[in-house]
Amino acid sequence: MKKTLALILAACMSLSLVACGGGGGSDNKGSASSTGGSQPAGGSQGSSASEPAGNGETKTVGIAMPTQSLERWNRDGAYLDEQFKAAGYNTIVTYSDNKNEQQVNDIQNMLSQGVDLLIIAAIDGNGLNTVMNDAGAAGIPVIAYDRLIMNDNSSYYVSFDNYTVGTLQGTYVKDALDLDNAAGPFNIEFTAGDPADNNAPFFYNGAFDVLKPYIDSGKLVVPSGQTAFDAVATDQWQTDVALDRAQNVLASFYSDGTKLDAWVCSNDSTSMGVTQAVVQDYAGGNTVIITGQDGDVANLRNIKDGKQSMTVYKAVANEAVVTLDLAKAILDGKTADASLISASGWDFDCAFDTESYETTPGNKCPSFLLVPDVVTADNMEEKLVTPGYYKVGADGYLEATNG
Ligand code: BGC
């Protein structure tokens, strides 16, 4: 009763807001808000641009992205918006400035505007219970996009294999230092992501699990002693927060000339901060191995310049393709399981996983997981330019295809 009342009240409030803006009640359904950011680059196309099935009424999909301040979400929002529109759906796209409260409001407004399905990349996976319960009460399916939402009304999860992202980073460091053969010891530090993001511990544990045996044997040493996730986490994945901590670690544990060999960073925004600290404050003459994730343009420049060693690239264009085909199946009342993959014609790998992700203890969320890839200075053009995700700019650095 309470949930329903809240939903109706929110709907009334939102409709009056829409009316004030001249939108005119439910006819305003599908009036897209800004998508901003970079334009979609080329990517695998797995969906035909068919009219949505149904009784003739165009369906509306709400797309809630976390923020425009981190590069990848602009790409995700743009890809999703473009692909859903091309398939004949109305879209409402919001970015919530990394503020959970704002994302709750944005999703509430989408529900009020009568969306038929929600796609949500959560700012705080534990912070959406009210709107998730409202969506559930209204029978609106929710696809948790890239980040799992810790609520049982998450119908499906579409993401990359997050643990594998971390193992790729850890394995890169293991190979680059030749840990199985070199004498060592080597010094290493870690920077992880936002504790509110369910992905962050998966990335961190993936990397740490690869490197832990060498830490245990003494071949790898962590001079700061900071290896617990909470000690190395970065609030909201912010570059400045990662920079501050890296500067403190360098000042406290390396200013005496201690050699730093590697720094595992869970993604590119944190890698940016750590790289800046290393360039400015590390006195050693060696190249420090620094990892990342996403293939942000500024990080690709650092990789080309030898300041960052690698990034784990996730083709978010393909994540959008999977999300579109899954949404179509849900809205058409078709089965959405492994058969979606076999019938899709996608030219990229994706696994259907019913075991790895739980929204609450014991409640598994059916997941479609794509495969991440390692990008370095040596394979950057093959992995990113050839498939059309980026182009080589006049200055020789990569830039977004239509950016
Ligand atoms: C995404 C990463 C991204 C990070 C910060 C994570 O949930 O999976 O690709 O780097 O959020 O935006």
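Two residues are in contact here when heavy atoms of one lie within 4.5 Å of heavy atoms of the other. With that in mind, look at the whole chain of this predicted model, in which residues 24 or more positions apart account for 72% of the contacts with a separation of 6 or more. The protein has 403 residues, of which 53% count as buried, and its chain contains 13 helices and 17 strands.

**The open sheet**

Begin by selecting the seven strands that form an open sheet, which follow one another in the order S2-S1-S3-S4-S5-S14-S11 with mixed pairing. At the edges you will find strand S2 (90–95) and strand S11 (350–353), each of which pairs on one side only. If you look from strand to strand, neighbours in this sheet are turned by 20 degrees against each other on average, when direction is ignored. As a general point, the strands of a sheet pair through backbone hydrogen bonds, either parallel or antiparallel.

Next, select strand S1 (residues 60–65) together with strand S3 (residues 117–120), which run parallel and are joined by four bridges. Within this pair, Val-61 has Leu-117 of S3 as its bridge partner.

**Strand S5 and its neighbours**

Move on to strand S5 (residues 154–160), and ask how many of its seven residues are buried. Six of them are, so the strand is largely enclosed by the rest of the structure. On one pairing, strand S4 (residues 142–145) meets S5 in the parallel sense over four bridges, and there Val-142 stands opposite Ser-154 of S5. S5 also pairs with strand S14 (residues 367–370), again in the parallel sense and over four bridges, with Ser-159 having Leu-369 in S14 as its bridge partner.

**Two pairs of helices**

Select helix H5 (residues 162–176) and helix H6 (residues 199–217), whose axes come within 7 Å and cross at roughly 35 degrees. The crossing in which H5 passes H6 is right-handed. To see where they meet, display side chains such as Tyr-163, Val-165 and Val-173, which are among the H5 residues in the contact, and Phe-202, Phe-203 and Leu-211, which are among those of H6. Sorted by class, this contact has nine nonpolar, nine polar and two charged residues.

For a second pair, select helix H9 (residues 268–281) and helix H10 (residues 297–304), whose axes come within 9 Å and cross at roughly 50 degrees. H9 and H10 are therefore oblique to each other, and H9 passes H10 in a left-handed crossing. The residues that meet are Asp-268, Ser-271, Met-272 and Thr-275 in H9 and Ala-298, Asn-299 and Asn-302 in H10. By class, this contact has two nonpolar, four polar and one charged residues.

**A last stop at Ser-356**

Finally, select Ser-356, which is found in the loop between S11 and strand S12 (358–360). Is Ser-356 buried or partly exposed? Its relative accessible area is 40%, so Ser-356 counts as partly exposed. Then select Asp-161 as well, and draw a distance between the two C-alpha atoms: Ser-356 and Asp-161 are 195 residues apart along the chain, yet these atoms are separated by 9.6 Å.

Terms used. Residues are numbered from 1 along each chain as its sequence is written. This is a predicted model: local features need pLDDT of at least 70, side-chain atom pairs count only at pLDDT 80 or more; totals for chains, interfaces and linings use all residues. Side-chain values use heavy atoms; hydrogens and water are left out. Two strands pair if DSSP finds at least two bridges between them. Axes are lines fitted to C-alpha atoms, for helices over the stretch in contact, and angles run from 0 to 180 degrees between N-to-C directions. A crossing is left-handed if the near helix is turned anticlockwise from the far one by less than a right angle, and right-handed if clockwise. Ala, Val, Leu, Ile, Met, Phe, Trp, Tyr, Cys and Pro count as nonpolar, Asp, Glu, Lys and Arg as charged, and the others, Gly among them, as polar. Angles under 35 degrees count as roughly parallel, over 145 as roughly antiparallel, 65 to 115 as roughly perpendicular and the rest as oblique. Buried means under 20% relative accessible area, exposed over 50%, partly exposed in between (1.4 Å probe, protein chains only).
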